[in-house]
Amino acid sequence: MKKIILCLLFNVFCIYLVSQTILIDKSSNNFNLHCLINNYETELIIIPDLDEVSISISTANLFLNQGYIQENDILITDNNVVFEKGINNSMKVILNSIEFENCTIKNIVASVEDRENNSVLIGAYTLSKLNIATINKKKNKLSFGNNTTAYYIKENSALHYYIQANKYYLKQNYRKAIDEYSNALNIDKNLIQAYLYRGLSKIEEGDPSGAIDDYNYYLSKITNSSLGYVARGFAKTSIEQHYEAILDFNKAIEINPQNNVAYLYRGTSKAMLYDYENALSDFNKSIKILPSSEAFYNKGIIAYEKQNLEAALECFTKAIELNPLNIEAINYCGMTYEALGNYSKAINKYDEIINIAPNFSDAYCNRGISYHILGYTQKALLDFNKAIKFNTKNTAAYSNRAHLYYQLQNFEKALQDINYAIEINPYLCESYNTRGNIFFALNEDDKANEDFNSAIQLNPTFGQAYFNRANVKLNNEQYTSAINDFNIAIEIDSKNIDAYCNRGISKALIGDYNGALEDFNQVILARPNDGETYFIRGNTQLMLDNLNSACKDWTKAYKFGIIEANEFINDFCK
């Protein structure tokens with residue numbers, strides 16, 4: 001009984017607070033008001049005998065295109081229809097607020113109508129039910145309360161939870177969004193969009209399998225949703241189901257050939273399968289439909305992987321032009337400058353990232369690499385420390401700091417860092433290679449050899465690991481086996497001059513002086529001021545009874561700082 005009395009008192013109170021009255025427009029027999037809908041200024045038409053809210057197709061699409069409503073504010077009432085080509089009259093939209101005459105209605109569901117009148121229509125009966133206004137038909141007037149706020153959607157209804165979830169989704173509070181979408185679906189399992197956006201939220205929360213379950217149900221009800229197939233394909237890509245993902249992207253493109261995102265993600269999946277040619281074709285199609293920073297960035301990644309550095313730089317620059325806050329593109333732009341040997345420009349790019357995102361770990365790591373190459377050891381160390389501070393799982397930062405400690409002959413710290421890097425990610429060949437070098441420096445050749453084997457097993461084309469393993473074999477007088485590894489290292493990287501030098505030494509030690517001489521010639525051709533190699537080549541010439549050539553090499557060796565060569569000159573050349 002108390003509740004009934006309170007409600008009656010409230011109704012009386014609303015009538016008592018009536019502060020404004022408007023008269024009917026006799027030409028249309030409606031009430032016309034200026035209003036704000038989702039902060040958009042427009043006209044509101046109040047129809048006396050109507051008991052609902054409606055919006056024209058053109059106004060709904062205008063709101064969508066200009067950001068006054070979001071995609072998840074669109075409710076699909078016909079499972080055979082999707083909104084990817086625009087809002088149509090088989091849909092409803094959620095309006096956050098309608099403000100007029102000191103009154104506010106929140107969380108409104110409006111039917112979409114195909115009509116010439118572009119205004120939003122609301123029934124006078126609807127306003128009366130919400131205690132917003134009262135209508136006097138005899139006098140053709142409408143009276144409003146003062147500072148009245150009402151909610152169109154009932155509290156604790158499925159749509160109430162769905163609207164709350166949308167708000168959390170836009171605020172990127174995906175955990176809360178998932179909870180509210182689930183609350184909505186517990187009440188109404190036919191609120192199909194909730195499955196789609198709960199799936200998108202699950203992706204953001206790192207639950208791709210859960211997202212796929214939601215997309216599966218969504219697509220079982222709405223079979224022609226290009227967006228749904230793109231979303232499921234993206235989820236499959238995130239768990240490396242690239243072939244399955246491509247099938248979903250194919251379906252998305254079949255439904256909507258102008259879906260630039262489907263081409264973008266399909267290209268990404270193809271790139272992950274090393275199908276670079278077809279990946280580039282998809283990125284170009286995506287760009288043709290709608291140029292995006294992401295598409296140019298992905299094109300740049302492929303060019304970078306193929307060592308087409310100038311093309312990569314052009315793509316990353318375009319990606320940054322389209323989105324100056326694309327820190328991944330800026331990062332790779334810096335890495336490309338680094339690969340081109342322009343370390344100053346690389347550092348400038350990493351500085352740019354740090355100004356935008358001061359906690360971006362990779363920028364510190366990569367800047368540290370550039371500083372290290374330029375010989376700024378302390379700056380490099382500080383950057384590696386910061387990279388680890390902002391991401392304690394940054395494998396590259398630990399690995400590079402280990403390499404720096406190795407060069408400083410602080411093997412204990414080097415070993416500690418590289419062990420942790422391998423613990424974080426046991427599948428990086430570079431980490432095993434670095435640890436192998438540390439063990440080699442510590443005269444633990446067996447452990448070094450084991451690590452170089454692991455690096456080669458992970459990446460059979462990793463030339464540096466063959467080179468390092470060969471050095472271990474050379475150190476252990478396994479000359480023939482060392483030569484085999486040097487051969488592979490040179491086949492993979494013909495610019496590895498140290499491999500020619502050490503192979504020459506190995507050949508000389510098994511009596512293959514002619515073979516050794518050929519290798520030393522290659523070294524001196526690349527490094528004409530290398531006194532040590534002149535000295536070794538001179539010794540090889542001596543073994544071949546080429547005394548004049550030997551004396552010339554020892555003389556050059558002495559000229560370039562090899563003092564020991566003078567003894568050979570005195571003994572053999574005078």
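Author: The side chains of Lys-299 and Asn-284 form a polar contact of 2.9 Å. A polar contact here is a pair of N or O atoms within 3.5 Å, one able to donate a hydrogen and the other to accept it; residues adjacent in sequence count only if both atoms are side-chain atoms. This is a predicted model: local features need pLDDT of at least 70, side-chain atom pairs count only at pLDDT 80 or more, and totals for chains, interfaces and linings use all residues. Residues are numbered from 1 along each chain as its sequence is written, and side-chain values use heavy atoms, with hydrogens and water left out.

Lys-299 sits in helix α12, residues 293-305. Helices are DSSP runs (H or I, at least four residues), numbered from the N terminus. Lys-299 is buried but has no salt bridge. Buried means under 20% relative accessible area, exposed over 50%, partly exposed in between (1.4 Å probe, protein chains only). A salt bridge needs a side-chain nitrogen of Lys or Arg within 4 Å of a carboxyl oxygen of Asp or Glu. The nearest side chain of opposite charge, Glu-314, is 7.6 Å away. Lys and Arg count as positive, Asp and Glu as negative; His and the chain ends are not counted.

Now the cysteines. A disulfide joins Cys-551 to Cys-573, S to S 1.9 Å. The cut-off for a disulfide is a pair of cysteine sulfur atoms within 2.5 Å. Cys-551 is buried at 13% relative accessibility. Cys-573 is partly exposed at 28%. Cys-35 is buried, at 1%. Its sulfur is 12 Å from the closest cysteine sulfur, in Cys-103, too far for a bond.

Definitions and conventions. Helices (H or I, at least four residues) and strands (E, at least two) are DSSP runs, numbered from the N terminus.
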